[in-house]
Amino acid sequence: MAPAAAGVVIVSLVTGGQALPWSLDLTVATVWAAIGTVGNDFAMQARRTPHGTRFPRRVLRLALTVVLVVGSGTVLVLLPWTIIEALRLPGLHRRAERARLRFETSTPDDHRT
């Protein structure tokens, strides 16, 4: 998210603050993508499933996002979705941590040096 924030600052300085609507859309889209990716990884860790098994669901999520954004004409339509996902994130993290601890062994793996 830091490169996106730096880009917003640079564009705002160059355009004299004209980029505020663009920067708000960029911020919402970046936060939505980051929270969605981390939440998805936590959910897969909690289920102990490989990443490839959820690929169709991820494509469906992206298609729904495109329909929502194009239909509304702004990325701000993702803000409620982002807030809901952010509220779910701590619970997903706890479930992933419990799953990791359940399958963790007291002896080191062979491949670790």
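Trainee: What are the ground rules here?
Mentor: The model is predicted, so local features need pLDDT of at least 70, side-chain atom pairs count only at pLDDT 80 or more, and totals for chains, interfaces and linings use all residues. Residues are numbered from 1 along each chain as its sequence is written, and side-chain values use heavy atoms, with hydrogens and water left out.

Trainee: Which residues form the largest nonpolar core?
Mentor: I35, F42, A43, A46, L89, L92 and A96. A nonpolar core is a set of buried Ala, Val, Leu, Ile, Met, Phe, Trp, Tyr and Cys residues joined through side-chain atoms within 4.5 Å. Buried means under 20% relative accessible area (1.4 Å probe, protein chains only).

Trainee: Which helices supply at least two residues each?
Mentor: α2 (20-47) and α4 (79-103). Helices are DSSP runs of H or I, at least four residues, numbered from the N terminus. The largest share, 4 residues, comes from α2.

Trainee: What does L89 contact, leaving aside neighbours within four places in sequence?
Mentor: I35, V38, G39 and F42. Contact means heavy atoms within 4.5 Å.

Trainee: Switching to T82. Buried or exposed?
Mentor: Buried, with a relative accessible area of 5%. T82 is in α4. Its side chain reaches the backbone oxygen of L78 at 2.8 Å. Beyond four places in sequence, T82 contacts V28, V31, W32 and I35.

Trainee: And why does E85 count as buried?
Mentor: Because its relative accessibility is 12%. E85 is also in α4. Leaving aside neighbours within four places, E85 contacts I35 and R61.

Definitions and conventions: Buried means under 20% relative accessible area, exposed over 50%, partly exposed in between (1.4 Å probe, protein chains only). A polar contact is a pair of N or O atoms within 3.5 Å; within protein, one must be able to donate a hydrogen and the other to accept it, and residues adjacent in sequence count only if both atoms are side-chain atoms.
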